[in-house]
Structures are given as C-alpha cells and as structure tokens.
2 protein chains.
Amino acid sequence: MKIGVYGLGRFGSFWAESLSKAGCEVIAYSRSAHEVPENVALVSEEEVLKAPYIFFAVTISAFEDVLKRVGPMVGKDSVVLDTCSVKTYPSKWMRTYLSEDTYKIATHPMFGPDSGRNGLKGLPIVMCPISKVDERYQMVKELFLSMGLDVLEMSEREHDEEAAYSQGVTHFVGRTLNQMGMTSTPIATQGYRNLMAIVEQTCNDPLQLFYDLQRYNPYAKEMRLTLQVAIEKILNRLAKEEDKL
Amino acid sequence: MKIGVYGLGRFGSFWAESLSKAGCEVIAYSRSAHEVPENVALVSEEEVLKAPYIFFAVTISAFEDVLKRVGPMVGKDSVVLDTCSVKTYPSKWMRTYLSEDTYKIATHPMFGPDSGRNGLKGLPIVMCPISKVDERYQMVKELFLSMGLDVLEMSEREHDEEAAYSQGVTHFVGRTLNQMGMTSTPIATQGYRNLMAIVEQTCNDPLQLFYDLQRYNPYAKEMRLTLQVAIEKILNRLAKEEDKL
C-alpha cells in the first residue's frame, strides 16, 4: 500500500514511521526540514498529493487553508484522510474543498509519540466515513487492524462529544496544573506522580494542539463550563465544611 | 516490637496488617466492628493505650476529641504516633492533650490500601519529630526502613505546604472530575485512562478524608486559589485564541 503523509511535524513523523513499520511504502512532504523517519522518502508537495492514499497531518487550525490551496492538486483517484483531533470541522472542510469525486475518510489516531512509544497494540483509532463506505474504506480499516489498533467507527459529532469529555478534559487539566507550576516533590503520593505524568505528556504536545482541541471542538466550551460548575460545587461544599470548624 | 493501632478504618486496618507483616506484634482497638486483619489481636481501648508504641489511625477531624478524651489513659512510657494526612494541627493537639512526658512522633504514611496494594517498597513516609529525637525515634525509623519505606524527615509546616500542592491538589482534581461525572469511553486516550485511575483512587478514599485534607491543611486554601487563578489564565488565553477565528 503506497501512502503519502502531508506534514512531518511531531505527529506526522511518528505516523509516517508507524505506517512504514506496518509495511506500507511511505512518501512524505514537509514544508520545513524536519527529521525524516527511516524508510520514508521525502518528496515534493505535488508528488505526495498524487499518492493513492494521502494522510494529512497538519495542525487543525492550518488544515482549512491547506485544503483550500492544495485541494485542486489532489490526484483524481487518491483517497484523502485527515488525522485531526477534532472531526466535525475538518470533515466539513474536506467536503467543501475537495472534489466531490475524491474519496474521503476522517480519522483520529488517539495516541501520539508519547502514548505510542511502546507500540500501537490496543490503542484506539476513530474512523468516520465521509464518502459512502466501499472497498477503499475497508482497505484502510484492514491496515489499521493489521497495526494492532482498536478501530472505532462513529459519526464526527459523536467523536467530538466523547473527545471533549475525555481527551479535551485531560489536556485542560494538564495545562492548568502546568500553569500552577506543579513540580516533583519527595513526598509525592502515587496519585500525584500519576498526575505529574499527565501534565508532562499533555504539555509535551504543541500548545497549538491544546488551543485547537478546545477551539475547534463544538462540545469543548460546554465541557469547560461543566468543569467550572463542578469546581464551584466542590468549593461550596468545602466552605460549608469549613464553617463547621 | 509491640504496637497498638487505635482505629481500624480503611487505613487503620491496612496499617495494622502492614505492621504485622513487618514482624511486629500488633494489637488493635476499634470503636465499631470492622474487619480485623489476620494476626492482629482486637483488644479493649484501655489495653491498646498501654502498648509501648501506639499509632492513632482516626480521621483528622476526630483526632482532637479522641486525644482530649483518651490522653489521660495513655501509658506512662508509651510512644504516641499519629498517621494524619496533615501535620501542623495534629502535632499541636498531641502537644496539648498528651502529658509532657509522653514521647510523641508525628508521621504521615503517604500511601493507602490502593497505592500500597502491591507492597510498600519505595513508598514515602514522613516523620516529624515532636519530642527530642532519641533512641525511640530511631527505633521507629528503623522499623519504617525495614518495611522498605522511603523515610522523609521534615517539620510539620514543610510537610503541609508540600502536601497541599501534591496530595491536596490530586484529591481536589479527582473529586472535581468525579463531580463532572467522568466515565470511561472506548475512545479514551492513554492520558484520559490515567486520569480516570486517579479519580477512582482518590474517590475510593472516604469523603471525610478529602474534606479534612482541605480544611486542616493551613496551605490548602492558597493551593485552591492558585488552581482557580491558573484556570482563569488558561480560559482567558483560550478566549483570545477563539477571538482569532
């Protein structure tokens, strides 16, 4: 299976490497000179857009402009897939800026270089069909399964709602605790050590990913409000308990 | 070494069992009928208070009243230790309600039945000397070391400040996310799974422990304010990013 990866940022490089390890022939294009994984051929923008399967691995906030510009250059028979951490908007952009004839699949590999460090086995990947499901969709699904991934199929909205209250809240907590200046301490409980690991992992990802996860997920605002309400409730209950002293 | 454990709640039972496994002769007293660990002898309140070493394992909020009542019953040569998750107030109460001649040590085993499930090796325990350090203090320290614990010696205030920003923040985050109604989802990222484990572990502890960790730690209020300020900052930054769309 010949695959083009458009964008070799932190996730793109990891994804290109993973696909290559899974036996795919991987070509990749990157605007800037990043580290190119072994067995991945760096090619021109024109060439990557002619690959039979093209994974876009660009930041959510850049994706619309990229599609607008390169949409007309995509190969007539190429299958286009995104890897964005939100799904409603990117799917809409793919529908808008790619030819009606282009076969489209929205995906979200729910892992990255950190969580996938020890292999991909059992890690979840979401697939949202955009074009009518046919053998091209099945081919991709088979590829993911052969990589040991746990394939979850759902609509873009279902994904975004679930993701806001899982990945979204995790990144929000990680960034908040990092903002608090949390550091390691010799008296750390096991729970605190685990919390520190979450801070480290979420803050290892680009800050742009954090903003985009929150801005481009239609359910993120509601999630943040729910979090604020929960904090208020806990603080009120604590205030009542303190009054008892 | 003969040890009395006063209180057989969730932590007290675990602690009595751990001491017994470490080779101590353990007697215990409990107001209500709890499950008594193997090799631990259930005795009367009078008897437990005559043990050479007495660990109090009662809730923070009950400790002052218990000490007030049983202080006069403590054996003349008994060494008294607490196990509270905060140290400033309990140390003060021990100074106030126990005879000046009673040898006192404040301790905080920074683990519980969940985090200590797979053994105590390497887990931290804090010791704050109240009475002048002598061979009795050394005996206890040696016992802890023989259990594989990581003994950390510091003042009550140092402990409380560090604990507010580690154990305190962990429990606050766990309770908040639980209040949000966080549940497992098939699309959980590794980070979210780790966060769920923290929620589970902190909410497994009695609610009273959560309140007491926050009410009786002189630094907890400041910690909560710092957390609220951090959330505000993140939300403001997000609002600015959203304006850019």
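How many residues of chain A are in contact with chain B? Let's look at this predicted model one view at a time.

**Figure 1. Chain A meets chain B in this view.** Here is the count: 46 residues of chain A are in contact with 46 residues of chain B. On the chain A side, the elements that give two or more residues are β7 (124–129), α6 (156–179), α7 (190–204), α8 (207–215) and α9 (220–243). Look for α9(A), which gives the most to this side, with 11 residues. Sorted by class, the side of chain A that touches chain B has 23 nonpolar, 16 polar and 7 charged residues.

**Figure 2. Chain A is laid on chain B.**

Figure 3. Taken along the principal axes, the C-alpha atoms of chain A fill a box of roughly 75 × 35 × 30 Å. Chain A has 245 residues, and 47% of them count as buried. Now consider the contacts in chain A with a separation of 6 or more: residues 24 or more positions apart account for 67% of them.

**Figure 4. Chain A is split into domain 1 (2–154) and domain 2 (158–243) by the domain assignment.** How far apart do the C-alpha centres of the two domains of chain A lie? The distance between them is 28 Å. The contact takes 17 residues from domain 1 of chain A and 16 residues from domain 2 of chain A. On the domain 1 side, α3 (60–70), α4 (88–97) and β7 of chain A each supply at least two residues. By class, that side of domain 1 of chain A has 7 nonpolar, 7 polar and 3 charged residues.

**Figure 5. Helix α7(A) is shown with what covers its buried residues.** This helix has 15 residues and reaches 21 Å from its first C-alpha to its last, close to the 21 Å expected at 1.5 Å a residue. Which residues of α7(A) are buried? They are Gln190(A), Gly191(A), Tyr192(A), Leu195(A), Met196(A), Ile198(A), Val199(A) and Thr202(A). Their cover includes α6 of chain A, together with α6 (156–179) and α7 (190–204) of chain B.

Terms used
Residues numbered from 1 in each chain as written. Chains lettered and ligands numbered in written order. Predicted model: local features only at pLDDT ≥ 70, side-chain atom pairs only at ≥ 80, totals over all residues. Contact = placed C-beta atoms within 7 Å. Helix = DSSP H or I, 4+ residues; strand = E, 2+ residues; numbered from the N terminus. Nonpolar A, V, L, I, M, F, W, Y, C, P; charged D, E, K, R; others polar. Buried ≥ 20, exposed ≤ 12 C-beta atoms within 10 Å, placed from the backbone. Least-squares fit on C-alpha atoms with pLDDT ≥ 70 in both. Expected span 1.5 Å × (residues − 1). Domains from an automatic or database assignment.
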